[in-house]
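Visitor: I would like a close look at a single part of this structure. Please keep it brisk and stay with the geometry.

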Amino acid sequence: MRVELHAASAFSFLLASSLPEDLVARAANLGYEALALVDRDGLSGAPRFFRAAKAGGVRPLVGASLSLRGGGALPLLVESREGYRRLCRLITEMKAGAPKGEAALDLEALAPETATGLVALAGEETLGFPIDEDRLAALIRLFGARHLVIDVQRHRRRDQAVANAALLDLAAARKLTPVATNGVRHGSARERALLDVLTCIRERTTLTNAGCRLALNSERHLKSPRQMEALFRDRPDLLRNAEALAERLVFTLDDLGYRFPDYPVPSGETMHSYLRRMTESGARERYRPCHERARRQIARELDLIGKLGLSGYFLIVWDIVNFCRREGILAQGRGSAANSAVCYSLGITAVDPVGMDLLFERFLSEERGEWPDIDLDLPSGERRERVIQHVYAKYGPRGAAMTANVITYRPRSAAREVGKALGIPPVEIDRLARLLSRFEYPDSEETLARAIEQARWDKDDRRVRIFARLWSEIQDLPRHLGQHSGGMVIAQGELDAIVPLEPASMPGRVVIQWDKDDCGDLGIVKVDLLGLGMLAAIEDAIVLLRGTGVDVDLARLPPDDSAVFGMLRKGDTVGVFQVESRAQMATLPRMKPERFYDLVVEVAIIRPGPIAGKMVHPYLARRAGREPTTYPHPALEPILKRTLGVPLFQEQLLRVAMTVAGFSGGAAEEMRRTLTHKRSRARMAALEVKLREGMQAKGIVGETAETILRSISSFALYGFPESHAASFALIAYASAFLKAHHPAAFLCALLNNQPMGFYAPPTLVKDAQRHGVEVRPIDVTWSAWRCTLEDGAVRLGLHSVKGLRREAGERLVAERGRAPFASLQDLADRAGVRRDELQRLAEIGALAPFGLTRRAALWQVERASRAAGPLFRGVEPDDDGASPLPEMTYAERLAADLAGAGVTAGKHPLALHRGELRARGVKSAAELARLRDGARAAVAGAVICRQRPGTAKGFLFLTLEDETGLANIIVRPDLFARFKSTLVDASVLEVVGRVQAREGLSLRAEEVRPFDAGLRVSSRDFH
């Protein structure tokens, strides 16, 4: 038999152990003609299975196995497009309203037409043994004899042989067709061990205690046709029946029938005529005047949009942007959409592609044969959610949904889950998990074997050896479905006819079972509504300033503000969008930006691509005049002149191919995609031939041609879209303007939109204080729920208080608004704050206005928390309530602030240790900046950021903070290996090393040790 009708993949989520691609690869190697994937309760693995099967020459059959109310499951195979539609809706109905993981199908509640186009496989898993006659009757009523087949599996179990005999008797008696399957749960027999671990994870038990919940043997793997023939040598008709059924199953995912929604236009208009009218109207407003060059570009774009039938797509995105505008929500298109003059004219993007000479074909071309991609940046939080809910409301609960995000096992989660299943003590698992890499850099030295050795596990122990094997096998396996950060799919009609929907964990949201790549591969259009914390902060800052009588108009910011560029040139950019990282801060003083386009380059140049492509140093050297600007060929000067002969942007790559090889814009974009996505040797070779032929036709041969070829090939790997950089640079400039001119409002807005950016609230506060911003502590008589401006100062908000419920904090503020609190007892009586919340407020000094020290307040909280009863409620005690507890020291108060609120308005904790540090010759961050290059020095600070990027060849970068500022530390790979636990886990470090001042100020570490500052500081570690 060369057909398997019943296989499940790891997308059955803890019920099977092989990826869809691995099942297909094994089926192809075994000579299978067709394979059916019937994952449990969903089609999440179907697109990957479909792609792999098409590439591997195996016919992919679509299906799913649905959990049944009362236990068991029903595998369903899709016969036709109508059957696929029915299956998607069955899954959607099952999932709707059911708690996650508890959805089940009620056969009795289904009408016969529900099963149209579907074939049911009823075996022991479905009918049980003895056979459930009621369930059988329901299946016959729904499917009839033609679409209900009996699934017979042989796994060398005696009890199963008895059940199979009953199933075969049933098939003969009811004239139902029996088929042979193997109920596949893993590709090879060896993978059964991983399936057992997944079973333990699912059942929350260990291998020792799992008992009969584990597979009884390894027979449920994808067997060879010869093995299946041997198993069913007494009933070869079951194999023939399976092959005959497979021939009937003609549906594929190529036949989804998806349509993007039409946009409703006024009477007498087509979608394209209306788009043209709205674009031309917007262009007149945007360009003032709409010059000939812009008109020509807009006309060219509109002609192509009309030819490709994309007018409705642009109108729907425009409609979303208009909703944002009406609601006062900042929205800005980013990515390659900023290359479009139509998008700019419609107000979707904020970058003028004509003025910046951006290439439209990077966004859309006839040759691409796919939908364009427009991403909208929105303020994160409640405002973005309003936009998402607007889309749901407009297209209906079954017409729009978020795309999924497949959560997979990573090194640490794999260690914890596999370790639990093997019964390894939690303390040992935790010790190992903390040693596994959490950074982007793939260090060949940081192997599991080394981590096992460092964790002091016995590598010769059999259980440890099994752990190592299973840990490796579970990597990247799906764990569960989450939701994508912002991708929304909308459809003409009901989306659940195309893909199953299920409720998201967030109320009011629905998720499709496919991720963004699946949607793209199957021609389903996604609009990204991305939450950007900085947009929310900018919007909040503008509102705060408006409350003080200051009006900031983002559309009319001065483009060359001297304070902004002065701040940028100093690298003084904590909190500034996109240019606040250690690498950006080090580059800005070398870059010396003077105008907006310099900021565009700055945004793009500190990226993995330009760094890996070794473009950063040549560009900065040419900008500083240390190297001459040269071009591979004179014809490329107009393209590369703006970036001093160094290619930095993807649009430049496209123009190079168009200029030297005669490529059309669309062909150049296809070349970029060939070089950057899904590379194949055949396509790469064909592309090289085409480039050579094109250059030869223009007389470009020899070493010049080879140089251009090398630059195109390598540059494609790292190029960054200029349009994307320009979109981000606009937001970067706006945030820099607010920091330079309105630092208090900017800080207030940043604190109200955490987490975001590189720096946590304590660092943002200390940076603002160093810039002269007054920060006032949390105070129950003044603080609102969020941070506020108070006479030009920032008042910290109650939202920072750890453990304080939002409803309690807002009720406290509301009660205070009705009448000031007379005392702590009055607050406790009126605000309904819990005892533990009052204790936290006391610990951080928020009850000080009642004339209480922190320990005195804690003492009073105990009394205030005891209900006085109705007779004495509101009566203040007549004693002084003096506390017998010793008062906190200043250091204890700082530690309490950081522990209880994550932020302090007081001194930086390192300031308390400055005398001790100075006595030992340890410099402050400010003093470090005054030392000569190569000087040996020591510095100490709280670790606020760790980075080990993939492009850094194993170097670790730390940012330390003290009371004077930030110090950047560079740690060599060998030093990282020696001091890994200290570097990764210590909150405060003392580092000795050499000053490196030539390319941004850093200390190259030679010695590292923890410093006991009596506090725990959280850091933002970028993986």
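Which residue in β5 stands opposite L77?

Guide: V119 in β5 stands opposite L77. One caution before going on: this is a predicted model.

Start with the strand that holds L77. In β4, 6 of the 6 residues are buried, so the strand is largely enclosed by the rest of the structure. Its side chains split into two sets. A73, P75 and L77 point one way from β4. L74, L76 and V78 point the other way. Both sets are buried.

Now the strand partners. β4 and β5 run antiparallel and are joined by 3 bridges. β3 and β4 also pair in the antiparallel sense, over 5 bridges. The hairpin of β3 and β4 has 5 residues between the strands. In that hairpin, G70 takes a positive phi near 95°.

Take α5, residues 133–143. Its buried residues are R135, L136, A138, L139, L142 and F143. They cover an arc of only 160° around the axis, which puts them on the same side of α5. What covers them includes β4 (73–78) and β5 (118–122). Also among the covering elements are α4 (124–127), β6 (148–152) and α6 (158–174). So much for the sides of α5; now its ends. D132 caps the N-terminal end of α5. A side-chain oxygen of D132 lies 3.1 Å from the backbone nitrogen of D134. Just after α5, G144 takes a positive phi of about 70°.

The loops around α5 deserve a look. P130 is found in the loop between α4 and α5. A cis peptide bond joins F129 and P130, with omega about 0°. Further along, R156 sits in the loop between β6 and α6. R156 is not a glycine, yet has a positive phi of about 60°. At 63% relative accessibility, R156 counts as exposed.

On to β3, the hairpin partner of β4. β3 (59–67) is one of the elements that the buried residues of α2 pack against. The others are α1 (20–29), β2 (34–40), β13 (510–515) and α20 (516–521). Helix α2 spans residues 46–56. Its buried residues are A46, P47, F49, F50, A52 and A53. Just after α2, G57 takes a positive phi of about 80°.

A few other sites complete the tour. E651 is found in helix α28, residues 650–661. E651 is buried yet has no salt bridge. The nearest side chain of opposite charge, R362, is 5.3 Å away. The cut-off for a salt bridge is 4 Å between a side-chain nitrogen of Lys or Arg and a carboxyl oxygen of Asp or Glu. What does the side chain of E651 reach instead? A polar contact of 3.1 Å joins the side chains of E651 and N339. The side chain of E651 also reaches the backbone nitrogen of S723, at 3.2 Å. Leaving aside neighbours within four places in sequence, E651 is in contact with N339, L359, R362, F720, P721, E722 and S723.

Then a further cis bond. The peptide bond from Q754 to P755 is cis, with omega near 0°. P755 lies in the loop between α33 (743–751) and α34 (761–770).

Last, a sheet. Its 3 strands form an open sheet in the order β15-β17-β16, with mixed pairing. The edge strands are β15 (775–776) and β16, and each pairs on one side only. β15 and β17 pair in the parallel sense over 2 bridges. In β17, R795 is the bridge partner of R776. D791 is found in the loop between β16 (788–790) and β17 (793–795). Phi of D791 is near 55°, a positive value in a residue other than glycine. At 76% relative accessibility, D791 counts as exposed.

Technical notes
Residues numbered from 1 in each chain as written. Heavy atoms only, no water. Buried < 20%, exposed > 50% of the residue type's maximum accessible area, 1.4 Å probe, protein only. Helix = DSSP H or I, 4+ residues; strand = E, 2+ residues; numbered from the N terminus. Contact = heavy atoms within 4.5 Å. Lys, Arg positive; Asp, Glu negative; His and termini not counted. Polar contact = N/O pair within 3.5 Å; in protein donor to acceptor, adjacent residues only side chain to side chain. Arc of directions from axis to C-beta. Pairing = 2+ DSSP bridges.
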